[in-house]
Amino acid sequence: MFTLNENYLKLPGSYLFTNIARKVAEYQKNHPQADIIRLGIGDVTQPLCPAVIKALHEAVDEMGDAATFRGYAPDLGYEFLRTKMAENDYQKRGCDIKADEVFISDGAKSDSANIQEIFGRDSKIAVCDPVYPVYVDSNVMAGRTGDYDENTQTWSNVIYMPCLAENGFAPQIPDEEHTPELIYLCFPNNPTGEVLKKSQLQEWVDYANKVGAVIIFDAAYESYISDPEIPHSIYECEGARTCAIELRSFSKNAGFTGLRLGATIIPHDLKCHKEIMGKKDVELHSLWSRRHGTKYNGAPYIVQRAGEAVYSKEGEEQIKEQVSTYMKNATFLYNGLKDAGYEVYGGKNSPYVWLRTPDNMTSWEFFDLLLDKANVVGTPGSGFGPSGEHYFRLTAFGSYENSVRAMERIKNL
Ligand code: PLP
């Protein structure tokens, strides 16, 4: 008889957004007339920009002609896209990243879940709390997180770094007794919408280099940054090439959530200095290449051409416009909630607005109240970790009209 990967059985409950969808569907069934506004899940709503659509059409035509048809894509991505990313996302910002350090993928979710595979089974992870759930759950599946405590909703072998209003939503460097090997950081942050200044990120890079840890830096929301003091990439920090992996996504900057495209950056200087099986100074780059080569057959050609179009002059202008439309919603929600007396965070360099629930309500109590009395769906902060309790996330990814209507309803609560 077959057995199971028992680590999957350790995972508590179902995925946060599945729970929310179930609750909303139930509510809609019982209240068929309710006009529900969804500001919960972080999915975009604007269509792909014209430059991307044009590139897609052209690539589809190429696939229909034997002379230009493409089969399997290179495992690590087409050169044209790797070069565009290295030049535009990194070299133009003064970051020393070359095209062959860019691994093209189908998005940051799968990469953020899969990257843990190349590290030792006993590696200790540190995560912000609250956190994008994928980082923790993928390590649970790999058997790295120890035992789950229902009461505290924490894993025994995970270092949680609370990010609360009291510490400006910035994770604190762990004490000497809790030294991590893998540190997950995501800024601009999902869910808090808060950011780290370059000097703060530099402290993490210095720390990781000192203790021999790797930072997995999720930059999925970098295009929402407008403040010049906030780094778009961890490689803007000195020394990051020897301690950091960066995750990139085309989902939130260019609306590729349904198209699927992302990248993982692993500099050649990032090496494991411990001797393992007689090998020393092994590059993480070589392990991820091997992993990609064995388990992945490359993002589709037409999608990579669409990604290339994001870096064209028209593409850049068009996606900038989309981001600013979402940021107009973020500003509206942020100011509206402030006016209504809420304690509000994020929303300035991020499409997420993070608020403290009124009257010390739990996150799920506030979720129910908002759904029932305002027909607005948001995301309970506790779904992102214990320190998210008494907080709530609204996204700016809806339409402006819906953001305005939602705000009116929230003000009338
Ligand atoms: N990383 C973070 C922090 C996210 O919030 C999300 C999606 O919401 C992703 C990654 C997923 O990105 P992708 O669509 O590229 O898989």
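# Salt bridges, a pocket and a surface patch

At 42% relative accessibility, Glu58 is partly exposed. This is a predicted model. The partner of Glu58 is Lys54, and the two form a salt bridge with their closest N and O atoms 3.3 Å apart. Lys54 has a relative accessible area of 53%, so it counts as exposed, the cut-off being over 50%. Both residues belong to helix α3, which covers residues 50-63. They are four residues apart, about one turn of the helix.

That pair is part of a wider set. The structure holds 18 salt bridges. Another one joins Asp89 to Arg248, where the closest N and O atoms are 3.9 Å apart. Asp89 sits in helix α4 (residues 79-90) and Arg248 in strand β9 (residues 244-249), so this bridge ties together parts that are 159 residues apart in sequence. Where Glu58 is partly exposed, Asp89 and Arg248 are both buried.

Next come Asp269 and Arg241. Their side chains meet in a salt bridge of 2.9 Å, N to O. Asp269 is in the loop between β10 (262-265) and β11, while Arg241 is in the loop between β8 (214-218) and β9; the pair therefore ties together parts that are 28 residues apart in sequence. How exposed are the two partners? Asp269 is partly exposed, with a relative accessible area of 34%. Arg241 is buried, at 14%.

Now turn to the empty space. Rolling a probe the size of a water molecule over the atoms shows where such space is left. The largest pocket holds about 880 Å³. It is lined by 26 residues, and the closest to its centre are Cys272, His273, Lys274, Ile276 and Leu284. Which elements give two or more residues to the lining? They are α7 (198-211), β11 (271-272) and α9 (284-295). By type, the lining residues divide into 14 nonpolar, six polar and six charged.

Met1, Phe2, Leu4 and Leu9 make a nonpolar surface patch of about 590 Å². Phe2 lies in the segment before α1 (6-10). Its relative accessible area is 62%. Patch residues need over 30%, so Phe2, exposed at 62%, passes that cut-off.

Note on methods. Residues are numbered from 1 along each chain as its sequence is written. This is a predicted model: local features need pLDDT of at least 70, side-chain atom pairs count only at pLDDT 80 or more; totals for chains, interfaces and linings use all residues. Side-chain values use heavy atoms; hydrogens and water are left out. Patches are made of residues with over 30% relative accessible area and no salt bridge: like charges are joined within 9 Å, nonpolar side chains (Val, Leu, Ile, Met, Phe, Trp, Tyr) within 5 Å. Accessible areas come from the Shrake-Rupley method with a 1.4 Å probe; for residues, only the protein chains shown count as cover. A salt bridge is a side-chain nitrogen of Lys or Arg within 4 Å of a carboxyl oxygen of Asp or Glu. Buried means under 20% relative accessible area, exposed over 50%, partly exposed in between (1.4 Å probe, protein chains only). On a 1 Å grid over the protein atoms alone, a cavity is a set of points where a 1.4 Å probe fits but cannot get out, and a pocket is an open set with protein on both sides within 12 Å along at least five of seven lines; lining residues have an atom within 4 Å of a point. Grid points are joined across faces, edges and corners, and a volume is the space filled by probe spheres set on the points. Ala, Val, Leu, Ile, Met, Phe, Trp, Tyr, Cys and Pro count as nonpolar, Asp, Glu, Lys and Arg as charged, and the others, Gly among them, as polar.
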